[in-house]
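Hi,

Here is the structure I said I would pass on. Have a look at it first, and then read on for what turned up.

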Amino acid sequence: MLHLSASQTPWWAVPLTSGILTFLTAAFGAWWGGKLSVQREIEKFSKQRAFDHRLDWYIRAVRTLGEVQFRHVEFLRALAKKDDQGSRIVREKIVDLMPRFDGDIREALLFASPSTVRTLNMMYQRMTNIMESGGSETADAQIRNELAKAYEALSQDVRGHLSLEDLTSEDLAPSANTKR
């Protein structure tokens with residue numbers, strides 16, 4: 001039987017041990033670095049998806065507001081022409097649009113700032129009350145005012161998320177060329 005003392009280690013033991021320790025340290029470092037980079041990328045991806053959903057909601061909300069505004073103008077034109085059938089048809093279109101409008105308002109809880117949520121909820125409640133009361137010049141002005149508030153709140157909110165500078169009240173005011 002061969003017994004080796006501490007001073008008689010084989011020539012290959014030290015380089016082999018050093019190589020194994022180097023390999024294990026490098027493998028652990030690579031594994032840890034890979035794990036951290038994958039976690040970071042997953043976090044970035046989930047934040048990007050959340051941002052994309054938020055931006056999509058802003059676009060849908062503005063489009064729905066635009067459609068409500070368009071239908072409202074169409075309704076007022078039919079009333080001005082004293083076209084009872086036309087105004088009834090447009091009113092039905094508005095009523096059909098309201099569930100989508102309501103859904104966009106509810107989604108604001110997921111994507112919008114608290115001030116925008118409050119503005120949209122108040123606008124929805126006021127517009128529903130105005131629509132139920134029937135058409136008049138006062139109701140027309142009130143609806144235009146509510147839509148303007150909603151557009152302003154949405155634009156300021158989304159511009160903040162996109163790191164764009166805020167709009168001033170002059171930017172949001174109708175131009176002299178705007179016809180009603």
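Predicted model: local features only at pLDDT ≥ 70, side-chain atom pairs only at ≥ 80, totals over all residues.

Of its 180 residues, 23% are buried. Among contacts with a separation of 6 or more, 62% join residues 24 or more positions apart. The accessible surface of the chain is about 13,100 Å², and carbon and sulfur atoms hold 59% of that.

The nonpolar one consists of Trp11, Trp12, Leu16, Ile20, Leu21, Phe23 and Leu24, which together have about 850 Å² of accessible area. Leu24 from that group sits in helix α1, which covers residues 13–80. The other patch is negative and brings together Glu165, Asp166, Glu170 and Asp171. You will find Asp166 in the loop between α4 (137–161) and α5 (169–172). Asp166 counts as exposed because its relative accessibility is 55%, and the cut-off for that is over 50%.

Now the charge pairs. Side chains of opposite charge can pair when their charged atoms come close.

- Lys47 and Glu43 form a salt bridge, at 3.6 Å from N to O. Both are in helix α1, and because they are 4 residues apart, about one helical turn separates them. Lys47 is exposed at 55% relative accessibility, while Glu43 is partly exposed at 46%.
- Glu74 and Arg71 also pair, with an N to O distance of 2.8 Å. They lie in helix α1 as well, 3 residues apart, again about one turn of the helix. Arg71 has a relative accessible area of 17% and is therefore buried, since buried means under 20%. Glu74, at 25%, is partly exposed.
- Arg88 bridges to Glu92, with 3.2 Å between the closest N and O atoms. This pair belongs to helix α2 (residues 84–111), where the two are 4 residues apart, about one turn of the helix. Both partners are partly exposed: Arg88 has 44% relative accessibility and Glu92 has 42%.

Beyond such pairs, there is also a network: Asp56, Arg60, Asp104 and Glu107 are joined by salt bridges that share partners.

Cheers

How values were computed:
Residues numbered from 1 in each chain as written. Heavy atoms only, no water. Patch = residues over 30% accessible without salt bridge, like charges linked within 9 Å, V, L, I, M, F, W, Y side chains within 5 Å. Areas by Shrake-Rupley, 256 points an atom, 1.4 Å probe, with all protein chains shown as cover. Salt bridge = Lys/Arg side-chain N within 4 Å of Asp/Glu carboxyl O. Buried < 20%, exposed > 50% of the residue type's maximum accessible area, 1.4 Å probe, protein only. Contact = heavy atoms within 4.5 Å. Lys, Arg positive; Asp, Glu negative; His and termini not counted. Charge placed at Lys NZ, Arg CZ, Asp CG, Glu CD.
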